[in-house]
Amino acid sequence: MKIKEYSKEYPIIDYSLKVGNGEITLKWNYKKGTHFLVFLYDLGKPFELEKVVQELDENYEEDRFLIQKEGNRLYTTKDGRVKIFLYKEKELIHLSCSILSSEMKRGLPYGVRVLAGEYQKEEAVFYLYREKDLESSTRFVPIKITPEISYKSKLFSKEKWCILRIPQIKDYIDGALEYQIEGIRTTYPIPKSCLNRELWIPIPKNSVLMIKAAEQYKNYYKV
């Protein structure tokens, strides 16, 4: 397999992802391509296309064996963090396909990247085309976080207590979630040590407390 630079002839267009009924449904449009590779990967580790393709090549001696494999799941990397699926142009139903949710480990955020490819019979080579940018080719399946928030009044005070508890999160990164008090622009990062504990936070009497993912982790968590 050879990785080619972005080509205007092989873009991924209008890519969307929907989660439901025990599966994730992917839908996209394109101009050209005989085959499409879908990479389902754990966001906990950087996705390096070259390394993943190199490992895939080591598993398939020739590209013709790769495109002849039955079933859509093509390969799982040795560390188990990336699963690769192959879809032929003629297999796409209404330009969409589905991957079972069971392919993902519970409690981990995932990225789903789609790239167009072309198999050249004369050369017996599979060409995989890079995307113009990640926004066009990648969608995300974040972890759903449900914080527990309650309030308790403080006698003779202009403040009240906000009692916050965030459940334990696997491989949580300090500051990936943050809280903000209504009416105050400052955000406060939530460290790992505060998970699964009651946090008593004083806030103005008429305010509420909001939880959100920090900008750099917005694809990891959904509150």
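Two strands are taken to pair if DSSP finds at least two bridges between them. By that rule, this predicted model contains an open sheet of 3 strands in the order 12-13-16, with antiparallel pairing. Strand 12 and strand 16 (199-204) stand at the edges; each has a single partner strand, so one side of each is left without a neighbour in the sheet. Ignoring direction, neighbouring strands of this sheet are turned by 30° against each other on average.

Within that sheet, strand 12 and strand 13 (residues 159-165) run antiparallel and are joined by 6 bridges.

Is Ile149 buried, partly exposed or exposed? Buried means under 20% relative accessible area and exposed means over 50%, with partly exposed in between. Ile149 has a relative accessibility of 33%, and therefore counts as partly exposed. On the surface, Ile149 belongs to a nonpolar patch with Tyr151, Val208 and Met210, and together these residues have about 300 Å² of accessible area.

Strand 8 (residues 110-120) gives another view of the strand pairing. This strand is mostly covered, with 10 of its 11 residues buried. Which strands does strand 8 pair with? With strand 4 (residues 35-42), strand 8 pairs in the antiparallel sense over 8 bridges, and Val38 stands opposite Val114 in strand 8. Strand 8 is also joined by 4 bridges to strand 10 (residues 138-141), again running antiparallel; here Arg113 stands opposite Thr138 in strand 10. Strand 9 (residues 125-129) runs antiparallel to strand 8 as well, and 4 bridges join the two.

The link between strand 8 and strand 9 can be followed residue by residue. Gln120 has Val125 in strand 9 as its bridge partner. The two strands form a hairpin with 4 residues between them, and in this hairpin Ala124 takes a positive phi near 55°.

Helix 1 (residues 49-59) remains to be described. Its buried residues are Leu49, Val52, Val53, Glu55 and Leu56. These residues lie on the same side of helix 1, because they cover an arc of only 160° around the axis. Which exposed residues does the face turned away from the buried side of helix 1 carry? That face carries Lys51 and Glu58. The list of buried positions in helix 1 includes Glu55, whereas Glu58 is exposed.

Methods. Residues numbered from 1 in each chain as written. Predicted model: local features only at pLDDT ≥ 70, side-chain atom pairs only at ≥ 80, totals over all residues. Heavy atoms only, no water. Patch = residues over 30% accessible without salt bridge, like charges linked within 9 Å, V, L, I, M, F, W, Y side chains within 5 Å. Areas by Shrake-Rupley, 256 points an atom, 1.4 Å probe, with all protein chains shown as cover. Salt bridge = Lys/Arg side-chain N within 4 Å of Asp/Glu carboxyl O. Buried < 20%, exposed > 50% of the residue type's maximum accessible area, 1.4 Å probe, protein only. Arc of directions from axis to C-beta. Axes fitted to C-alpha atoms, helices over the stretch in contact; angles between N-to-C directions.
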